[in-house]
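Here is a briefing on one protein chain. Look over the sequence and the model, then read on for the sheet, the core and the links between side chains.

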Amino acid sequence: QVQLVESGGGLGQTGGSLRLSCVASGRSFSNNAVGWFRQAPGKEREFVAGISRSGGTTQYADSVKGRFTISRDNARNTVYLQMSSLKPEDTAVYYCAARERTYPTERLNEYAYWGQGTQVTVSS
């Protein structure tokens, strides 16, 4: 079992930055690829970014490419999502998720472990 806790959400301004953290406990986090997802009100949960076990491979949704950066520190059991050039459409609850595979995927149902989410609100 892996337990995930997100933090770092809050209120951001258009054009500003926020950094989300996802801290894991339980089984070795370094055995898991990790994804960040988000869900806006009335919309389906969608993939945002993913990172491989080692951190050597990253993947981004087109909507955030060039603005968001995912990284990880396995010694600290933590994955980060640095969000820059924020837009109002980035407003959502952000979730991190882990899967016991080498690489991330955009498919939600392939992640076994989920955090509780953290709210990000971007004002215009």
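A salt bridge here is a side-chain nitrogen of Lys or Arg within 4 Å of a carboxyl oxygen of Asp or Glu. By that rule, a search of the whole structure finds seven salt bridges. The structure also holds one disulfide.

The model is predicted: local features need pLDDT of at least 70, side-chain atom pairs count only at pLDDT 80 or more, and totals for chains, interfaces and linings use all residues. Residues are numbered from 1 along each chain as its sequence is written, and side-chain values use heavy atoms, leaving out hydrogens and water.

**Sheet**

- Strands are DSSP runs (E, at least two residues), as helices are (H or I, at least four), and both are numbered from the N terminus.
- Two strands count as paired if DSSP finds at least two bridges between them.
- Strands of a sheet pair through backbone hydrogen bonds, either parallel or antiparallel.

**Strands 7 and 8**

- Six bridges pair strand 7 with strand 8 (residues 78–83) in the antiparallel sense.
- M83 in strand 8 is the bridge partner of F68.
- S71 stands opposite Y80 in strand 8.
- Strand 7 has two faces: F68, I70 and R72 make up the covered one, and T69, S71 and D73 the uncovered one.
- The hairpin of these two strands has four residues between them, and N77 takes a positive phi near 55° there.
- D73 forms a salt bridge with R76, the closest N and O atoms being 3.3 Å apart.
- D73 is partly exposed at 24% relative accessible area, while R76 counts as exposed at 58%. The cut-offs are under 20% for buried and over 50% for exposed, with partly exposed in between (1.4 Å probe, protein chains only).

**Nonpolar core**

- A nonpolar core is a set of buried Ala, Val, Leu, Ile, Met, Phe, Trp, Tyr and Cys residues joined through side-chain atoms within 4.5 Å.
- In soluble globular proteins, nonpolar side chains tend to be buried together.
- The largest such core has 32 residues, and L4, W36, L81, M83 and Y94 touch the most other members.
- Elements that give two or more residues to this core include strand 3 (18–26), strand 4 (33–39), strand 5 (46–51) and strand 11 (118–123).
- Strand 9 gives the most to this core, with five residues.
- Contact means heavy atoms within 4.5 Å. Beyond four places in sequence, L4 touches residues including C22, C96, A97 and W114.
- A97 is found in strand 9 and is buried, with a relative accessible area of 0%.
- Leaving aside neighbours within four places in sequence, A97 is in contact with L4, A33, V34, G35, F37, Y111, Y113 and W114.
- A97 and W114 are 17 residues apart along the chain, yet their C-alpha atoms are separated by 4.4 Å.

**Disulfide**

- A disulfide is a covalent bond between the sulfur atoms of two cysteines. The cut-off used here is a pair of cysteine sulfur atoms within 2.5 Å.
- C22 is joined to C96, with an S to S distance of 2.0 Å.
- The pair links distant parts of the chain: C22 lies in strand 3 and C96 in strand 9, 74 residues apart.
- The link of C22 and C96 is right-handed, with 60° about the S-S bond.
- C22 is buried at 0% relative accessible area, and C96 is buried at 0%.

**Salt bridges around R38**

- R38 forms a salt bridge with E46, the closest N and O atoms being 2.7 Å apart.
- R38 is buried, at 7% relative accessible area, whereas E46 is partly exposed, at 36%.
- R38 also forms a salt bridge with D90, where the closest N and O atoms are 2.9 Å apart.
- That pair links distant parts of the chain: R38 is in strand 4 and D90 in the loop between strand 8 and strand 9, 52 residues apart.
- Both R38 and D90 are buried.
- A network of salt bridges links R38, E46, R67 and D90.
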